Amino acid sequence: CSGHASGKHCIMVDTKSRRLFTQIGLIQRAGGVWNILKSVRFWVSSDDAVWNGNASDTAGWTPIEGIYTFTEDLDQREFVFDIPAAEGRYLKIEVVESARGGDVGTLAEIYGYGKEL
């Protein structure tokens with residue numbers, strides 16, 4: 001997402017239905033410190049236009065309050081973050097910082113916890 005307002009790496013997920021998210025689970029990909037995440041920011045949207053738009057565009061997205069920080073234990077790969085309840089069909093995860101100080105990272109799995117609306 002070099003064109004994202006923040007210039008950071010991000011990924012969008014279509015959950016296929018509107019949900020009330022209360023937690024986001026992330027499993028980081030194993031295989032080297034270069035891809036380990038240090039902190040992320042979450043966004044949600046129910047606007048179909050965001051899915052067909054550029055992932056770097058923040059129009060139509062609502063940021064979930066806070067920056068979510070991973071532990072500094074490089075062996076820990078699974079994290080579940082409690083978030084303020086947020087409604088949306090689409091979830092975007094933005095890399096704020098990686099363990100190497102950059103703004104890129106990789107994930108193996110993403111989970112959105114809460115309930116379908």
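Which residues form one aromatic cluster? Phe42, Tyr68, Phe70, Phe79 and Phe81 do. The model is predicted, so local features need pLDDT of at least 70 and side-chain atom pairs count only at pLDDT 80 or more, while totals for chains, interfaces and linings use all residues. Residues are numbered from 1 along each chain as its sequence is written, and side-chain values use heavy atoms, with hydrogens and water left out.

The structure holds 8 aromatic pairs; rings of Phe, Tyr and Trp (its six-membered ring) pair if their centres lie within 6.5 Å, and planes under 30 degrees apart count as stacked, over 60 as edge-to-face and the rest as tilted. One of these pairs joins phenylalanine 79 and phenylalanine 81, which are stacked with 6.2 Å from centre to centre and 5 degrees between the planes. Phenylalanine 79 is buried at a relative accessible area of 7%, and phenylalanine 81 is buried at 8%. Here, buried means under 20% relative accessible area, exposed over 50%, and partly exposed in between (1.4 Å probe, protein chains only).

Next comes the interior. A nonpolar core is a set of buried Ala, Val, Leu, Ile, Met, Phe, Trp, Tyr and Cys residues joined through side-chain atoms within 4.5 Å. The largest such core has 17 residues, and Leu26, Val40 and Phe42 touch the most other members. At least two residues of this core come from each of β1 (10-28), β2 (37-45) and β5 (78-98), with β5 giving the most, 7 residues. Strands (E, at least two residues) and helices (H or I, at least four) are DSSP runs, numbered from the N terminus. Valine 40 is in contact (heavy atoms within 4.5 Å) with Leu26, Ile67, Tyr68, Phe70, Ile93, Glu94, Val95 and Val96, leaving aside neighbours within four places in sequence. A second, separate core has 5 residues, among them Met12, Trp43, Trp61 and Tyr90.

The structure holds 6 salt bridges, each a side-chain nitrogen of Lys or Arg within 4 Å of a carboxyl oxygen of Asp or Glu. In one of them, lysine 38 meets glutamate 97, with the closest N and O atoms 3.9 Å apart. Because lysine 38 lies in strand β2 and glutamate 97 in strand β5, this pair ties together parts that are 59 residues apart in sequence. Lysine 38 is partly exposed at 36% relative accessibility, and glutamate 97 is partly exposed at 27%.

Another salt bridge joins glutamate 94 and arginine 41 (3.2 Å, N to O). This pair links distant parts of the chain, with glutamate 94 in strand β5 and arginine 41 in strand β2, 53 residues apart. Glutamate 94 is buried at 0% relative accessibility, whereas arginine 41 is partly exposed at 22%.

Aspartate 48 also takes part in a salt bridge, with arginine 89, the closest N and O atoms being 3.9 Å apart. Aspartate 48 lies in helix α1 (residues 48-52) and arginine 89 in strand β5, so the pair ties together parts that are 41 residues apart in sequence. Aspartate 48 is partly exposed at 45% relative accessibility, as is arginine 89 at 23%. Salt bridges that share partners join Asp14, Lys16, Asp48 and Arg89 into one network.
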